Amino acid sequence: MFTRSRQNLAGWFTLSMGSILIAFAGVRYYLTAIERLQNVDHLLYKKAQFVAATVMYDEQSQLDLSNVPYLGDLSIPLSSEVVYARWYSPDGRLKQFYGTATIQSLKDVHEFETLTIEAGILQTQPVLVRQVTLPVQYGKRMVGYLQIAVPLIEVEQELQHNLLLTLICVLVALIVIAVAGWALGGLAMRPIQEAYDHLERFTADASHELRTPLAAILSNAQVGMLAPQSASDRKHQRLEKIAETSKFMTVLINNLLFLARRSGRLSSDTLQSIDLVIELQKLIGRSSIQSAARPIQLNLDLPKHEVFVNADLELLQQAITNLILNACKYTPTGGSVTVRLLTHFRQAIVQVEDTGIGISESDLPHIFERFYRVNQSRSKDTGGSGLGLAITQQIIVAHGGTLTVKSQVGQGSMFQITLPR
Ligand code: ADP
């Protein structure tokens with residue numbers, strides 16, 4: 001129970017801190033990418049301005065502003081990393097270009113764009129480029145559009161490298177957070193565990209101390225009842241009541257002692273290999289079960305083969321007996337109770353199914369809680385203290401198994417024990 005709570009605490013701590021860390025790393029990566037792109041845009045813009053200035057100069061020398069000169073004349077050096085440069089007329093027709101990618105007419109004028117261009121002569125594979133389109137004016141007259149693109153390979157590589165580094169850092173930080181969460185969870189759970197242990201010890205000690213005086217009360221009442229008295233004698237009736245209450249309290253105290261002393265998994269040396277087929281046959285034959293099942297029909301449905309599990313025989317018998325006695329207790333005369341044994345992969349399944357009163361949906365999640373009884377006034381008639389299912393569940397969990405229930409009011413219930421084979 002404490003390990004699970006500690007795991008939950010560590011899990012939630014890791015999840016919350018991890019989410020903040022991942023969000024922070026994501027924003028940082030995004031801002032870095034934007035900053036790098038802005039740097040590229042700045043350089044690209046300068047480069048475009050420089051080329052545009054050359055165009056203007058050449059054109060000026062020709063004195064015909066509509067007749068744009070060769071871009072070749074602009075002598076764009078290959079070392080300038082320009083993937084392509086294009087000169088469009090004011091009406092958007094391509095006049096000249098440098099590089100491989102050619103688009104005959106200019107459709108939209110975006111100042112900056114990121115594009116992927118297909119493989120060509122200068123590049124063997126698709127390249128991610130950043131492109132700028134500048135409207136160029138001479139004086140007040142529009143003379144055309146200059147379009148220039150530079151590759152983003154360097155930025156791409158740098159960002160990939162950055163991303164990898166960020167991922168590694170986040171992963172390492174997550175591991176550190178998880179370890180810290182586990183340690184903090186342990187620290188947080190310690191006082192609770194100590195208080196719980198203290199309470200368990202107190203319950204065990206108190207139950208133990210109460211047993212002796214209760215035994216004395218019971219034996220005194222029983223001795224008193226031995227004296228010859230008429231059945232109508234009020235003294236005799238009172239002694240009977242005392243004996244009955246002492247027996248009930250003895251069972252209650254034994255149950256409390258059981259719950260307080262046996263928590264956690266059973267150690268393997270207390271377990272023995274038992275054949276459930278044989279043990280269920282023996283269990284059903286017990287007089288306590290036979291007399292409880294007298295007004296109803298009790299069925300046993302067993303497989304033909306042996307089903308071995310490692311179990312503490314006495315405890316497992318107690319758990320299954322609890323379920324069968326409950327089924328008999330909450331099934332009206334004429335109904336039936338079926339005890340079934342099944343196997344599923346490496347699991348042994350014991351089902352106790354009845355056609356009794358059933359349990360409402362709102363009560364189902366609580367019936368394994370200590371002292372929980374459905375409908376207190378109705379349960380009063382059936383005896384019991386609401387500890388039976390808590391004990392049964394504790395026994396099954398101690399064996400590494402699970403106890404589940406399905407039920408419908410008025411139709412019946414089915415309790416299922418699943419144990420590892
Ligand atoms: P109790 O001693 O009251 O039987 P349990 O822990 O064994 O305590 O059961 C808790 C409650 O679950 C009971 O009060 C009863 O209302 C309900 N319950 C248990 N088994 C059955 C069953 N087979 N059919 C209907 N109700 C059941």
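In this predicted model, five strands form an open sheet in the order 7-9-10-12-11, and their pairing is mixed. From one strand to the next the twist averages 15°. Strand 7 runs parallel to strand 9 (residues 336-344), with which it pairs over five bridges, and within this pair leucine 298 stands opposite valine 337 of strand 9.

| Helix | Partner element | Angle |
|---|---|---|
| Helix 4 (residues 276-284) | strand 9 | about 170° |
| Helix 6 (residues 313-329) | helix 8 (residues 388-398) | roughly 145° |

The axes of helix 6 and helix 8 come within 9 Å, and the crossing is left-handed. Among the residues making this contact are Leu315, Leu316 and Ala319 of helix 6 and Ile391, Ile395 and Ile396 of helix 8; the contact residues comprise eight nonpolar, five polar and no charged.

The largest nonpolar core has 47 residues, of which Leu276, Leu316, Ile324 and Ile367 touch the most other members, and helix 6 supplies its largest share, eight residues. Leaving aside neighbours within four places in sequence, leucine 316 is in contact with residues including Ile274, Leu276, Ile395, Ile396 and Leu419. A second, separate core of 20 residues includes Ala52, Ala85, Trp87 and Tyr98.

Conventions
Residues numbered from 1 in each chain as written. Predicted model: local features only at pLDDT ≥ 70, side-chain atom pairs only at ≥ 80, totals over all residues. Heavy atoms only, no water. Axes fitted to C-alpha atoms, helices over the stretch in contact; angles between N-to-C directions. Helix = DSSP H or I, 4+ residues; strand = E, 2+ residues; numbered from the N terminus. Left-handed = near helix turned anticlockwise from the far one by under 90°. Contact = heavy atoms within 4.5 Å. Nonpolar A, V, L, I, M, F, W, Y, C, P; charged D, E, K, R; others polar. Core = buried A, V, L, I, M, F, W, Y, C linked by side-chain atoms within 4.5 Å. Buried < 20%, exposed > 50% of the residue type's maximum accessible area, 1.4 Å probe, protein only. Pairing = 2+ DSSP bridges.
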